[in-house]
Amino acid sequence: MSGIFADRTTINSENRLAEMFGGNLGKDGIKFSAGNPDPELFPVTQIKKAFNNAINEYGNQIFEYQTISGFKKLRNYLAQRTIHTEDIKATANNILITQGGQQALDLISKLFLNNGDGIVVEAPTYVGALSAFEQYNPCYYDVTLKEDGLDLEQLELLLQAHPDIKLLYTIPDFQNPTGVTLSLNKRKKLVKLAEEYDFFILEDTPYRDLRYKGSRLPSIKSFDHHGHVIFVSSFSKILMPGLRIGWITADKSIIDQLSKLKASSDLETSGILLTALNQYIEDNNLDTHIVEMLPIYQKRLVTMLEVLDEKMPADVHYTRPEGGFFIWLTLPDVIDTQKLLNETCIPKDRISFVPGKVFYAHKNRRNSIRLNFSGVNEKQIKIGISKLAKSIESVITANKVETLL
Ligand SMILES: Cc1ncc(COP(=O)(O)O)c(C=O)c1O
């Protein structure tokens, strides 16, 4: 029966990506297509205790309906954390707790985007964000991502030509999928552009605390004095994604609007989970947990870069991230990485990656690859990347021979 369902199903999560690209690899396969934190690093024992302690402390009340914006103590904690780590003025009234960062992206799209409204996205960008925006039928404007983030000259030309642009979506720290970080100057300039051309910036920061090298840059929101920036973050990558807890920091007027939309969607985020998370934070030191994970991910990143440096053909270029979960490879134009994956990497090498084209609003670029390093160990990285390099080299050579003939 066609025509019954509205056409709103897209590739909308990291799980779906891993399933689509490499779900059939089997036990010995090496998956560079995932986008998740390593489950071995989840503080399961402490979380178990936190659930027990929270139930003992709050009794039946924990199982009741709570408030739309989320458990007040947790919002107070997030406001304090925002002040201290981000240098952003905030109280609990500036915070809305959401079901992961993903719900934040959906609610913000719902609030801002009418049919055909302009939204600027990085090219490439996070698939889940594209799937959230797509529900509201926007008009996409792509801006190229350079080594130091968005190409602001290109952006300004777009802003001059399209006054309908309402929103700009950026992942300034260790971007998904490229690992690129937006430079300090560009962060400041972006806020100036938002003020001049009157649009909102959606600053999405789930990887922000996962820096393995260099120093932390101020958030874009820390330069925002007129309410043009909406800051989104999540506990998924720094703690565990199964909690499904994220949050939005914005001016109270925006938070109030978003809270109404959230109520229509799910009434509230589970009070049981929020109270238990708050208990975990009171009983443990979240920052210590984050700091303990950093050297583990750092070692995986360094190993992947070393093997890429050693094995990849010279005409393959890749990013050198200072944090996050991903490295982005650009192959010669003629190579279709989806074909490489389907014909060689999955069936012969038993390795997977995500072909870059899924990360573009306009899906016409086919020669890039996203590699994940957070979910694989060093041995897997050495074996898997060596195989990938060999297969890429064969395709490049075959193409060269073909053009000579
Ligand atoms: C850039 C980015 N934003 C948002 C999300 C959504 O994460 P969650 O809903 O688990 O917080 C992800 C998940 O991979 C992501 O990479």
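Guide: What follows describes the ligand shell and then turns to one helix. The model is predicted, and the distances below are computed from its atoms. The shell around the ligand comprises 15 residues, and the closest include Gly 101, Asp 204 and Tyr 207, together with Ser 234 and Ser 236. Sorted by class, this shell holds 6 polar residues, 5 nonpolar residues and 4 charged residues. Among the elements of the fold, helix H4, which runs over residues 100–112, gives the most to the shell, with 3 residues.

Asp 204 places a polar side-chain atom 2.6 Å from a nitrogen atom of the ligand. Oxygen atoms of the ligand also take part: a polar side-chain atom of Asn 176 lies 2.8 Å from one ligand oxygen, and an N or O atom in the side chain of Lys 237 is 2.8 Å from a ligand oxygen. Of the 400 Å² of accessible area that the ligand has on its own, the protein covers 95%.

Helix H10 may be considered separately. H10 spans residues 286–311, a run of 26 residues, and reaches 38 Å from its first C-alpha to its last, close to the 38 Å expected at 1.5 Å a residue.

Terms used. Residues numbered from 1 in each chain as written. Predicted model: local features only at pLDDT ≥ 70, side-chain atom pairs only at ≥ 80, totals over all residues. Heavy atoms only, no water. Helix = DSSP H or I, 4+ residues; strand = E, 2+ residues; numbered from the N terminus. Expected span 1.5 Å × (residues − 1). Near = heavy atom within 4 Å. Polar contact = N/O pair within 3.5 Å; in protein donor to acceptor, adjacent residues only side chain to side chain. Areas by Shrake-Rupley, 256 points an atom, 1.4 Å probe, with all protein chains shown as cover. Nonpolar A, V, L, I, M, F, W, Y, C, P; charged D, E, K, R; others polar.
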